Amino acid sequence: MKYDTILVLDFGGQYCHLIGRRIRENGVYSEIVPYDIKVEEIMQLNKRFHVKGLIFSGGPASVYDFKAPKPDPHILEMKLPILGLCYGHQLIARMAGGKVEPAPQKEFGIAYVTIDKPVGVLKGLGRKEKVWMSHGDTVFTISQEYEVLAHSGNCPVAAFKHKNKPIYGLQWHPEVTHTENGMQMLRNFIFEVCKCKPNWKMENLIEKMVDEIKADVGDGKAIIALSGGIDSSVATVLASKAIGENLTAVFVDHGFMRENEPEFVKETFGKFKLNLVVAEVQERFLSKLKGVVDPEKKRKIIGEEFIRVFEEIANEIGAEYFIQGTIYPDRIESGFRKFSDKIKTHHNVAGLPTKIEFKKIVEPLRDLYKDEVRKVANILGLPKEIVFRQPFPGPGLAVRVIGGLTKEKVEIVKKADLIVREEIEKSGLKENLWQYFAVLTDTKATGVKGDARAYGYVVAVRIVESREAMTASFAKIPYEVLEKISTRITNEIPEVARVVYDITHKPPATIEWE
């Protein structure tokens, strides 16, 4: 069966794959393709899929830069509907002869636009719309073949359409949750403009991922990095379906796990029909990180050490392939694509060493977001305690201790993290939160305990709401819950003198501090 498909042209934007998953949420298949895909290549893809439309993603470049990514110039001549978002919007305008220049007032975050003509992609929208902007350049004029559909105080051409062809541009990001009616805009494009039918479902993707693992590994042996988190657990089940007894799962206890986490992993996965190896390497990791302050160096050291442990075990059992549960937000923040910016190095992506002994690293979840992985986990029948575990970074508490690492600091943040989790879970707020944890800062402050001066660490509490981790909002936790957390941390951990609450959204911050 040929699925109705929307192709997303990747110009290096942080939200490129988010566009793809939003399309899949509507039961329509999407493929992420290079920005410079040729018209002939699109026609070739049409033999496998029923390509019904194209979306130009956002990107960090300026359209007037000499090296800015540009699509095949013939692509606008195709009869396929096209939607340009942010950089893609500016690109279409410039290709059509419009005027794109740096804006006197840049827009990053929530903005309000006026809808002048609620047609096509904007069908059914109100006069004023709350949207998410993230741009430094602005379309000031558009060619006569196009008409303006929306504007804002800083953006005279915030949305446009071709007068005769199904070509649209939006300066904002409908794919992020901060754009209030973003899903309606995308549905308008998918169903009203492109005339797609919702003939795709998640089960189709599971079959595809299992087949890809089989094709990559063949009759060879593989090891998989198992942390006990949702990503590595799903990847493990998929790999087990694909290659069976030729798979060995390796849990690396590097000493930076949450309280009781190693025991949970060993007990839970000991029940599975799995070759499970536990590597106890706490001292090894701590010694490698001694005196390291820079978070990028931390992640790279941890990434390299992970691989070296996996290589040693692989040599013992004769495994030539390495499987890991890398998901899309890990890759995009690590700047894995040509025109995407590096936000921070994830230990399992850019943190990997350049010299690796494995024939291939296999990443079956590489294009999925966390909540999509949870859907796959449910379909696969994984236990609820794994499906709904909150995300935890691979480097663990090592990136929740700001500055240099010591055993004492790791123990402090471990205790603080447990208190945060216990109080949030007791309060009944857990289900609506994405992540909740403690960070041990590298700052000390003066306090008073028992009428005496206390001078101790400052712990930051971070609690966020999100759908896919590409954007997040700090959670407005009731004061009484925050008060319990603060009181317990300062009472139960003598080394801590002060607790602060992080009220920064993502962006501009990331969810983790390092």
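Mentor: The cover over the buried residues of helix H9 includes strand E10 (222–225), strand E11 (247–253), strand E12 (275–280), helix H8 (282–288) and strand E13 (321–323). Helices (H or I, at least four residues) and strands (E, at least two) are DSSP runs, numbered from the N terminus. This is a predicted model, in which local features need pLDDT of at least 70 and side-chain atom pairs count only at pLDDT 80 or more, while totals for chains, interfaces and linings use all residues. Residues are numbered from 1 along each chain as its sequence is written, and side-chain values use heavy atoms, with hydrogens and water left out.

The buried residues of H9 are Lys298, Arg299, Ile302, Gly303, Glu305, Phe306, Ile307, Val309, Phe310, Glu311, Ile313 and Ala314. Buried means under 20% relative accessible area, exposed over 50%, and partly exposed in between (1.4 Å probe, protein chains only). An α-helix has 3.6 residues a turn, so residues three or four places apart point the same way.

H9 itself covers residues 295–317, which is 23 residues. From first C-alpha to last the helix reaches 33 Å, close to the 33 Å expected at 1.5 Å a residue; the expected span is 1.5 Å times one less than the number of residues. At its start, a side-chain oxygen of Asp294 comes to within 3.1 Å of the backbone nitrogen of Glu296. Just past the other end, Gly318 has a positive phi of about 75 degrees.

Another helix, H7 (residues 261–270), contains Glu261. Glu261 is buried, at 4% relative accessible area. Its side chain makes a polar contact with the side chain of Arg258 at 2.8 Å. A polar contact is a pair of N or O atoms within 3.5 Å; within protein, one must be able to donate a hydrogen and the other to accept it, and residues adjacent in sequence count only if both atoms are side-chain atoms. Leaving aside neighbours within four places in sequence, Glu261 is in contact (heavy atoms within 4.5 Å) with Arg389 and Phe392.

As for confidence, the mean pLDDT of the protein is 89, and 95% of its residues reach 70 or more. pLDDT is the predictor's confidence in each residue, from 0 to 100. Over residues 333–352 the pLDDT is below 50, although the model gives this stretch 79 contacts beyond near neighbours in sequence. Where pLDDT is low, the predicted coordinates should not be read in detail.
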